[in-house]
Amino acid sequence: MSTPANAPGERYQLFRRSGSTRWQVRFSIKGQGQFKRSLDTDDEREAERRAEAIWYEATYRAKQGLTAKTHTFDSVAEAYIAQIHREVERGERRADQGKSEPAVIRRYFIGYFGDKPVDAVTEADLERYAEWRRTYWTEGPGKLIEHIEYERDGHRLRRPVRRSAPSLSRQRGETVVLRWAARQGYMKTPPEISIKARRSPDNRRPSFEPHEFARLEAVSLSRLVDPIMDGTGAEVRASNRRSWRIKRLDDHTRRDRTVLHAYVMIGAFSGLRPTEMYNLTWGDVLGYRAGRGKSVDDRDIRLQVRGKGKSGKAIPQKAAIPWFDTLWMLFERSLGREPVDSDPVFASETGKRITSVANGFTELLKAAGLERDHRGIKRTPYSLRHFYISEQLANGAEVLDVARNCRTSLAMIDKHYGQVRLERVVDRLRPEWTRA
């Protein structure tokens, strides 16, 4: 028995079951049958207000071609899983799909969306889900799971977790539950169900092509020459719009530019990091004192380097040696004595360690028109190291040897320097057997 109450226009009916004080509502939607729902209230006027809202929502959904009843994501997903099992029984799916696909749907889709109304899922929700899915095993709920259990031929087995992001094709395949929900009328306008590929970032470090470095070197050398010699001088513009030409390069500026040029040449022919360069002392330039006075061809040096929490020996190209001679000479001229082992290689006029050449390097790049690479990425003193590594690889040096000499890993070499231009290694790509 139930206690009915009239509703406006008999669109719906309020009633209470025998022995209960709570009101409920029932109504019919054409083509979808009768609906009943508890209103969770003892107050008749509040029950009418809630019933009215429920009836309007159900009617609106039906007019939009949706099911009148709101369905949660997990209930729709379970309905789809039941459909999979029926198709397996009919032989329309493989038996293993009846186990693997439900497991995927429950772990990922139900695990993420839960009892959210299925027709409330938006494109933004799918974007957030895609990122959550990519990091499920590394940062999300799966990071604490050690093994996945499964059944095969009646045996319970387990396998270790693969802690990696799913492929794009796998993620796209997993969205089938949403496509099924749309076909069943649970969603009127389903969100864009596409897991888009993230374009891999261009990890190449801003370096120099050989012709660009040649220009950098030439411009750097030209800036050491007194501008009065060519009769023009360098033009200087002040903030108040006044302008004038420098008729003479002062000794202080010339010295700074000479140190910068030595820095450029040593960095480009040793691959040292900026911090490693600044940390160098003359005691770290192994074999340098013994070779002074000999020709470059008869000399050899090693660099004991420290920086970025790493240390080791580096073998520079011989092209770097003359620029150590230049820095030695500048130290003698400024301090009136030879450097001792504890003196910095890159030193100011007072013998203090230089800790940055970034500003001077940027001015040099601007003067050479090389401030940015072809991608628009700004070059820094680090670009000299990148130039060294790229040139070593392009000219046939073994990757492992380069990695060890630069105190970095093979993975970092592959990630940042694996894209050495093909034109640069064309001879290696045309061995003898391919030539006419």
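Okay, let's start with a term: I call a residue buried when its relative accessible area is under 20%, exposed when the area is over 50%, and partly exposed in between, using a 1.4 Å probe and protein chains only.

Quick housekeeping. This is a predicted model, so local features need pLDDT of at least 70 and side-chain atom pairs count only at pLDDT 80 or more, while totals for chains, interfaces and linings use all residues. Residues are numbered from 1 along each chain as its sequence is written, and side-chain values use heavy atoms, with hydrogens and water left out.

Searching the whole structure turns up 18 of them.

Back to aspartate 343, then. Its side chain meets that of arginine 337 in a salt bridge, 2.9 Å from N to O. Arginine 337, though, is partly exposed, at 37% relative accessible area.

Next, what does glutamate 276 pair with in a salt bridge? That would be arginine 407, again side chain to side chain, at 2.9 Å, N to O. This pair links distant parts of the chain, 131 residues apart: glutamate 276 sits in helix H9 (residues 274-279), and arginine 407 in the loop between helix H14 (399-405) and helix H15 (410-417). For the labels, helices (H or I, at least four residues) and strands (E, at least two) are DSSP runs, numbered from the N terminus. Are these two buried or exposed? Glutamate 276 is buried, at 0% relative accessibility, and arginine 407 is buried too, at 9%.

Now over to glutamate 78, which forms a salt bridge with arginine 106, the closest N and O atoms being 3.0 Å apart. Glutamate 78 is in helix H2 (residues 73-89) and arginine 106 in helix H3 (residues 97-113), so this bridge ties together parts that are 28 residues apart in sequence. Glutamate 78 is partly exposed at 33% relative accessible area, and arginine 106 is partly exposed at 40%.

There's a network as well: salt bridges link Glu46, Arg49 and Arg50.

Last stop, a bit of sheet. Strands E10 (residues 302-307) and E11 (residues 310-314) run antiparallel and are joined by five bridges; two strands pair if DSSP finds at least two bridges between them. Glutamine 304 has lysine 313 in E11 as its bridge partner. E10 and E11 make a hairpin with two residues between them, and lysine 308 in the turn has a positive phi of about 55°.

Notes:
Salt bridge = Lys/Arg side-chain N within 4 Å of Asp/Glu carboxyl O.
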